[in-house]
Amino acid sequence: MSLTNEHIQHRLTEKFGEVLTEFAESFGMLSFAAPKDHNLKVLQFLYDDAELKFTFLTDLTGVHYPDRKNEELAVVYHLHNFQDNVRLR
């Protein structure tokens, strides 16, 4: 089975429910938002899951959104599944 963005989103929603938000696809790469207290749980799931296999952290970036009240700072993780050559943000 080919790993698609729809399948990744389904697995994440199945595991974390409505906790993950802002699912979007840009230039073929799926992205989503997670609350800061779920970051490590989501990253561990993406790493450990036998289907998803996101085992490589490509980039880690901090972002400042000065106009977002109580959400001024964010961390962006870029992950890569080498086996299926799929990237995730």
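Modeller: This is a predicted model.

Biologist: Where do Arg11 and Asp49 sit in the chain?

Modeller: Arg11 is in helix α1, while Asp49 is in the loop between α2 (39–48) and β3 (56–64). They are 38 residues apart, so the pair links distant parts of the chain. The two form a salt bridge, with the closest N and O atoms 2.3 Å apart.

Biologist: Why does Arg11 count as buried?

Modeller: Because its relative accessibility is 15%, and the cut-off for buried is under 20%.

Biologist: How many salt bridges turn up in the whole structure?

Modeller: A search finds 3. Another of them joins the side chains of Arg11 and Glu14, at 2.5 Å from N to O. Arg11 and Glu14 both belong to helix α1 (residues 5–16) and are 3 residues apart, about one turn of the helix.

Biologist: And what does Glu51 meet in a salt bridge?

Modeller: The side chain of Glu51 meets that of Arg11, at 3.5 Å from N to O. This pair also links distant parts of the chain: Glu51 is in the loop between α2 and β3, Arg11 is in helix α1, and 40 residues separate them. Glu51 is partly exposed, with a relative accessible area of 35%. Through shared partners, the salt bridges join Arg11, Glu14, Asp49 and Glu51 into one network.

Biologist: Change of topic. Is Asn81 buried or exposed?

Modeller: Asn81 counts as buried because its relative accessibility is 0%. Asn81 is in strand β4 (residues 73–81).

Biologist: What lies 2.5 Å from a polar atom of its side chain?

Modeller: The backbone oxygen of Leu52.

Biologist: Which residues does Asn81 touch?

Modeller: Leaving out residues up to four places away in sequence, Asn81 touches Leu3, Glu51, Leu52, Lys53, Phe54 and Val86. Glu51 is the residue from the salt-bridge network.

Biologist: Last one, Glu22. Buried or exposed?

Modeller: Glu22 counts as exposed because its relative accessibility is 57%, and the cut-off for exposed is over 50%. Glu22 belongs to strand β1 (residues 21–26).

Biologist: What does Glu22 touch, apart from residues up to four places away in sequence?

Modeller: Ser31, Phe32 and Ala33. As for Ala33, its C-alpha atom is 5.6 Å from that of Glu22, and the two residues are 11 apart along the chain.

Terms used. Residues numbered from 1 in each chain as written. Predicted model: local features only at pLDDT ≥ 70, side-chain atom pairs only at ≥ 80, totals over all residues. Heavy atoms only, no water. Helix = DSSP H or I, 4+ residues; strand = E, 2+ residues; numbered from the N terminus. Buried < 20%, exposed > 50% of the residue type's maximum accessible area, 1.4 Å probe, protein only. Contact = heavy atoms within 4.5 Å. Polar contact = N/O pair within 3.5 Å; in protein donor to acceptor, adjacent residues only side chain to side chain. Salt bridge = Lys/Arg side-chain N within 4 Å of Asp/Glu carboxyl O.
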